[in-house]
Amino acid sequence: MSTRSKVLVESRAARGDPIPERIVKLDDTALIRLIQETHDPDGRDIDCQPLMRNIEEILYRVAPLGIQAAMQKTPAPSDVDNAQLATLSFVVNRISSQMTYKCLVNGDAHAIAVSLLQLLSAYFWDAKLVLLLAAFVLNYSECWLVIQIHGSSKLASKIATLKQVPKLGILKQQLEALNNLIMLLLDLAKCIIEFKELPPESSDLPELSTAHGAIPTAVYWFTRGIVACAAHSTQFTASNYDYTTLRSGTLEKELSALADKIKISNERLQKQLTICYQAIDEKKEIDAYKSLSRLIESAHIDNMKVLKALLNTNEDMAPLIEGYTKIRVNLEVLRRKYVLLLISGLIDNPSYELDILGQIYMESKTYSGRINDFEFVWIPMVESTPMTEATKQKFENCLAAMPWCSVGHPSSISKPVKRFIREKFHYRNRPILVVLDPQGKVSSLNAFHMMWTWGTFGFPFTKQREEALWKEEFWRLELLVNGIDMTILNWIRSGRHIILYGGDDIQWITNFTDTAHRVALSGIPLELVSRRKSDARNRKTTDVRWNRDVGFVQQRLGCEFYRAWRFYVLHTLQKFHEWKENVKRVDFFDVLKEHYEQLCGDDHPCCHLDFDNIAGEIPENMMCPDCHRSMEQNAIYSCCHEPVQ
């Protein structure tokens with residue numbers, strides 16, 4: 001059996017109705033093979049978009065009833081290449097003539113469709129559809145010109161009489177069905193044209209291959225739809241028009257059935273087109289991510305290429321907003337400087353981190369020379385798109401509080417850059433301070449701990465600089481509080497005892513505070529500095545002095561707390577009445593330590609330290625402050641499930 005014999009066509013006798021255009025049952029495999037046999041492009045290409053705009057403009061101007069409403073507005077004037085039109089006019093006229101003749105002699109719709117596709121075998125799929133539409137519109141517009149002007153033109157009136165043109169009121173339902181089908185044909189043609197215009201890098205996508213497999217069937221039903229439209233629009237002005245068919249409503253049924261077929265093909269291809277666009281976007285993001293990785297790992301003369309890639313900007317753009325003036329500035333203000341990228345979400349105000357960082361930044365501006373040769377740039381990590389009004393307002397508030405340069409809008413930070421920041425800079429929804437040297441090379445993944453500890457003296461915030469500073473320094477309370485609050489320094493100078501404590505256990509903090517308060521009331525010169533991690537703003541006000549910058553102190557401590565000591569220290573203070581007489585002879589902390597060790601005994605568990613790995617580098621070796629042995633390093637994974645703006 002030949003390929004064509006597998007196409008099943010019901011005869012008029014079998015159907016028992018007068019429908020001249022048959023909706024046929026087709027074996028999909030045989031149909032695709034048949035249509036593929038008519039497809040033999042020779043490489044000639046057509047710019048389809050201008051032709052489509054020209055077709056839409058004609059339809060809008062001449063079509064009655066629903067087409068104008070469906071188009072909503074007049075299409076933009078087309079810019080068709082006259083040379084291209086001259087080349088194609090012969091093909092369009094030939095198709096138009098063939099359709100008109102075969103439709104008037106009641107030719108088989110399937111055979112007409114296949115013959116038209118054979119006539120267009122040398123063209124690509126998108127060009128076939130545009131040329132078929134142009135051929136249909138050529139006849140359709142001539143038909144309606146006669147209908148529209150026959151009442152005002154004697155010549156048109158005579159032609160209308162000769163052709164027995166019916167009144168528009170009689171054709172209302174048929175025209176609505178015809179217009180609906182025409183609109184579906186336009187949508188399908190645009191969809192297939194869009195496939196042709198996908199970027200070259202999409203050619204190897206498996207998603208595109210799937211779509212290409214569905215295009216031949218869609219093209220066939222498109223051609224069948226064009227044939228049906230041509231047949232009925234031609235017969236509207238034909239003297240042998242079948243009014244029995246008109247009255248029976250079979251014409252609308254046929255056009256509706258074809259519309260369903262074309263609608264299904266269009267929906268299937270639109271879905272595939274969406275999938276292709278998603279795959280293209282993903283591929284672009286992967287390529288951009290790899291390109292950014294290579295760029296940052298490469299050597300450069302200055303930092304401009306790296307900054308342009310991270311901030312997603314072009315040569316002629318001013319992507320930054322200057323801190324105080326809030327005017328747009330170019331990247332040139334950062335050329336060959338150390339750039340500290342403050343990467344964070346939308347920081348809630350007030351924020352002690354932002355305040356202290358601002359103090360350090362202002363301090364850097366009071367110096368001259370190399371220590372002043374760095375700038376901050378805030379990179380906001382905002383995931384929600386589009387931004388809500390509340391998020392926009394929050395961003396504006398943060399922007400107003402920044403004394404340094406900021407990215408002009410969160411949308412400037414592309415998805416590949418965000419992925420790079422998360423994967424390579426290890427951003428976990430908490431602020432980090434990434435340092436780029438004057439050549440754009442990353443010299444520190446997070447300089448916050450150095451900034452808290454050394455301020456501007458940590459410049460240029462490299463590991464080598466940190467090691468050099470530690471060789472000149474040792475741990476003492478002055479190091480933690482120097483430059484933060486003169487009150488604590490005054491406590492130190494006056495010889496007062498100071499306890500720093502904090503954590504997550506609210507009950508423990510409350511008990512410790514009350515106990516220490518009672519000890520202080522017994523005449524011990526004791527001061528407390530505390531910050532509860534879960535809520536820094538909820539501080540108990542008692543006669544015990546509280547430090548307003550304890551958050552900064554905790555940052556300098558690097559979030560190191562001795563959890564195993566909580567119970568023993570508290571219990572020792574609770575027994576203060578047993579050993580307070582010894583304080584008169586010996587220093588308070590010496591007596592505290594002695595009774596603490598007696599309470600713990602030799603079998604108490606040694607302490608463990610918690611280091612937040614985003615706060616800075618974790619020490620390679622640590623000595624246990626209890627047993628003075630080398631501590632083991634273990635990894636604990638905790639969920640950082642913080643809300644993302």
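## Burial and salt bridges in a predicted model

Visitor: What relative accessible area does R335 have?

Guide: R335 counts as partly exposed, a class that lies between buried (under 20% relative accessible area) and exposed (over 50%), with a 1.4 Å probe and protein chains only. The model is predicted, so that local features need pLDDT of at least 70 and side-chain atom pairs count only at pLDDT 80 or more, while totals for chains, interfaces and linings use all residues. Residues are numbered from 1 along each chain as its sequence is written, and side-chain values use heavy atoms, leaving out hydrogens and water. For R335, the relative accessible area is 28%.

Visitor: Which residue forms a salt bridge with R335?

Guide: A salt bridge here is a side-chain nitrogen of Lys or Arg within 4 Å of a carboxyl oxygen of Asp or Glu, and the N to O value for this pair is 2.4 Å. R335 sits in the loop between strand 2 and strand 3, and its partner, 33 residues apart, in the loop between helix 12 and helix 13, with helices (H or I, at least four residues) and strands (E, at least two) taken as DSSP runs numbered from the N terminus. The partner is buried, at a relative accessible area of 11%, and is D302.

Visitor: Why do the buried residues of helix 2 lie on the same side, and what arc do they cover?

Guide: Helix 2 spans residues 28-37, and its buried residues are A30, L31, L34 and I35. They are on the same side because the directions from the helix axis to their C-beta atoms cover an arc of only 130°.

Visitor: How many contacts does the model have for residues 1-24 beyond near neighbours in sequence?

Guide: The protein averages a pLDDT of 76, with 70% of the residues scoring at least 70, where pLDDT is the predictor's confidence in each residue, from 0 to 100. Over residues 1-24 the pLDDT is below 50. Where pLDDT is low, the predicted coordinates should not be read in detail. With that caution, and with contact meaning heavy atoms within 4.5 Å, the number for residues 1-24 beyond near neighbours in sequence is 46.
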